[in-house]
Amino acid sequence: MTEGTIGTDANPNRKRWALPIAAVAIVAVCAGGFGVYRWNAGRHDQAVASCQQAAGRLARTTAMKDSRVVGEARKVQGDQVADAKTVSDYQRAVKAITKVKPVSCDASQSTADLRAAARRMDAAAARRDDQAKAVERAAKAVLASRGAKSLADARAALKAKQDEGSARLAQTEGQVADNATREQLRQALDAAGKVQSNKPDDYRKAQ
């Protein structure tokens, strides 16, 4: 066999293996590209779901009903509390509440935009929750101040009645034929002096 013959025989072998190898390479590239596509699609679907969940959380936060305490505090005026500042603080807390609405989570948006929207809505929901808690605290302060004034007023009213009764008792000493009335008044004054309570009604009942 000559050298020229050997060279001729080698070329067909290389051509025979080149085609399958090229085919395998093409399949691998296609498979890899499909895998990347699926991975990106999965990330995008997750971003859509996260955005929609954030929108739901924000919607629930902004739709929360006022508590009984907040609703009651809304009716209180500055002259009904011991410290009028509690009312102005409550009103300021209510005005500070931001009005926000969920943004779009349309799947046509990019993955990055959807994730950014979710972050913004979660931040807004957290801020709205903090604001609601501030309003609740301010409302409790208003009602506590109203209770303090109510108690102070009831105590003052009872004290005025006691002073009035004591003066009458002193004025009528030796001036009445039947001392029974004066004795009833004295007993009432003694009972009033023994009232020790944090409930305004207890002082009102003793008047």
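**Entry 1: one serine**

I began with the side chain of S197, which reaches the backbone nitrogen of K199 at 2.9 Å. I kept in mind that this is a predicted model. Next I looked up where S197 sits: it is in the loop between α5 (180-193) and α6 (200-205).

Is S197 buried or exposed? Its relative accessible area is 14%, and buried means under 20%, so S197 counts as buried. I then listed its neighbours, leaving out residues up to four places away in sequence: S197 touches L151, R155, D202 and Y203.

**Entry 2: the cores**

I moved on to the largest nonpolar core, which has 14 residues. Which of them touch the most other members? They are A73, Y90, V135, A139 and V142. I noted that α2 (68-73), α3 (85-95) and α4 (111-171) each supply at least two residues of this core, with the largest share, five residues, coming from α4.

Not counting residues up to four places away in sequence, V142 touches A73, V76, V81, T86, V87 and Y90. Apart from this core lies another, of 13 residues, including C51, A55, C105 and A125.

**Entry 3: the whole protein**

Last, I stepped back to the overall picture. I found six helices and zero strands. Of the 207 residues, 23% count as buried. Among contacts between residues at least 6 apart in sequence, 78% join residues at least 24 apart. The protein exposes about 14,400 Å², and carbon and sulfur atoms supply 56% of that area.

How values were computed: Residues are numbered from 1 along each chain as its sequence is written. This is a predicted model: local features need pLDDT of at least 70, side-chain atom pairs count only at pLDDT 80 or more; totals for chains, interfaces and linings use all residues. Side-chain values use heavy atoms; hydrogens and water are left out. Helices (H or I, at least four residues) and strands (E, at least two) are DSSP runs, numbered from the N terminus. Buried means under 20% relative accessible area, exposed over 50%, partly exposed in between (1.4 Å probe, protein chains only). A polar contact is a pair of N or O atoms within 3.5 Å; within protein, one must be able to donate a hydrogen and the other to accept it, and residues adjacent in sequence count only if both atoms are side-chain atoms. Contact means heavy atoms within 4.5 Å. A nonpolar core is a set of buried Ala, Val, Leu, Ile, Met, Phe, Trp, Tyr and Cys residues joined through side-chain atoms within 4.5 Å. Accessible areas come from the Shrake-Rupley method with a 1.4 Å probe; for residues, only the protein chains shown count as cover.
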